[in-house]
Amino acid sequence: MKNIFKIFIAAVIVLFYSACHKVDDLPLYGNGSAVVLSTSSSVIAAAPADSNNTIVTFSWTSPQYAQDSSLYKFVVEIDSAGRNFTKEVTKTVTGVLSASMTAKELNNILLGFGFAFNTQYTVDVRVTSSYGNNNEQYKSNTIQLQVTPYKVPPKIIPPAHLYIVGNATAGGWNNPVPVPSQELALVDETTFMGVFDMSGGNQYLLLPVNGDWSHKYAVGDNQPAEGGDFGYDAANNFTGPATGGMYLIVVDFQHGKYSLTPYTGPQLPTDLFMVGDATTGGWNNPVPVPDQQFTRLNSVQFELTLPISAGHQYLFLPVNGSWSNKYAVADNSIPGLDAGGYFGYNFGANFPGPALAGNYKIELNFALHDPAAPTAATAKFKTTKL
């Protein structure tokens, strides 16, 4: 009982002391403010030689948080203009009021956005500031940069030519392969495209030299038919489509990637002829050959050079002497269509001829379609005065 009484007396003394002793108020931290962002350069067009050099520095004012400034946190956000930073790339720094980027660092960001080499784009940049624990975040003003990605060396050195071989193709594993039907087209410095009638459940390889097994482009293990990574002299055949049909193969040596998708363009012809009053043969059908017959260069490209009269029209025919099917344009009143554009199978309007008579080269590519009308079965043509 004495022990209980002693404990009670001690508790009363503690309470009495606490009531008489005033504790200092807890510190009150004031609010910070949004920083103001600026840049060392608003137009950036670096060269490959600049890769390791600082190309841009972003600076901002202090947010004036009630905390040691060495703990301030800043996140630099970069995104393609107009996306409201929904696909942003970020860089975080702490305790400093600036952040720099090398040309390589910025270039990798731009290429990650899918930007084309040597083409100017606009990007948005802002900074989010906060305490070190992410509390009290503020967004800065948004600034815009005009940026141009530079071309980096391709992941795989592209060959001069590219051919497809394998039991997924019409030519089987016979090497050399049939040309031009099993040669892919080089559409830019590092990209090949081809359209092929492929059988289901089989395989193929890509060859830099027709008739030679010394080297090949192939894949590693477990690569899906739809695409992925490929390599020079890799160990395994490409997997063909599960279902037979017409397929578009795109081989990107810049990034070491390939894709295989169902072909949705116009019907791919074996032969091609030009008819119309813009030509020497007029609208007479069959047309004179070889003067008005295209040369097939590979699986998707056709080319024809001939004299064309001014202010007239023409069509392309897959069968000489037959009007059953044709290649035409959807609307021949589109400005500039006489110099090139997009066409389709059994579209309704004749191609418009050029305004000036002369010798012209007409180039067709059945692997390229109109990006403004991705659901339409279109292909690309170009007319050049020689």
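Is E105 buried, partly exposed or exposed? Select E105 in this predicted model: the residue is partly exposed, with a relative accessible area of 29%.

**First stop: K91 and E105**

K91 belongs to strand β5 (residues 89-94) and E105 to helix α2 (residues 103-112), so the pair ties together parts that lie 14 residues apart in sequence. K91 is also partly exposed, at a relative accessible area of 23%. This pair belongs to a structure that holds six salt bridges.

**Second stop: E189 and K151**

Next, select E189 and K151, whose side chains meet in a salt bridge at 3.8 Å, N to O. E189 sits in the loop between β11 (185-186) and β12 (191-198), and K151 in the loop between β9 (143-147) and β10 (163-165), so this contact ties together parts that are 38 residues apart in sequence.

Move to D229 and display K257 with it. Here the closest N and O atoms of the salt bridge are 2.6 Å apart. D229 lies in strand β15 (residues 227-229) and K257 in strand β19 (residues 257-262), so the bridge ties together parts 28 residues apart in sequence. D229 counts as partly exposed at 35% relative accessibility, and K257 is partly exposed with a value of 40%.

Which residues are linked to R126 and K139 in a network of salt bridges? Select E77 together with R126 and K139 to display the network of salt bridges that links them.

The largest pocket contains about 260 Å³ of space. To centre the view there, select A116, F117, D188, Q254 and H255, which are the closest to the pocket centre among its 13 lining residues. Colouring the lining by class gives four nonpolar, five polar and four charged residues.

Most residues other than glycine have a negative phi, and most peptide bonds are trans. The remaining stops concern backbone geometry. Select N175 and P176: the peptide bond that joins them is cis, with omega about 20°. P176 is located in the loop between β10 and β11. Then go to V289 and P290, where the peptide bond is likewise cis and omega is near 10°. The loop that holds P290 runs between β20 (273-275) and β21 (295-296).

**Last stop: N84 and F85**

Finish in the loop between β4 (73-80) and β5, where N84 is found. Although N84 is not a glycine, its phi is positive, at about 55°. Select F85, which lies in the loop between β4 and β5. The phi of F85 is near 60°, again a positive value in a residue other than glycine.

Technical notes. Residues numbered from 1 in each chain as written. Predicted model: local features only at pLDDT ≥ 70, side-chain atom pairs only at ≥ 80, totals over all residues. Heavy atoms only, no water. Salt bridge = Lys/Arg side-chain N within 4 Å of Asp/Glu carboxyl O. Helix = DSSP H or I, 4+ residues; strand = E, 2+ residues; numbered from the N terminus. Buried < 20%, exposed > 50% of the residue type's maximum accessible area, 1.4 Å probe, protein only. 1 Å grid on protein atoms, 1.4 Å probe; cavity = no way out; pocket = protein on both sides within 12 Å on 5 of 7 lines; lining within 4 Å. Points joined across faces, edges and corners; volume = space filled by probe spheres on them. Nonpolar A, V, L, I, M, F, W, Y, C, P; charged D, E, K, R; others polar.
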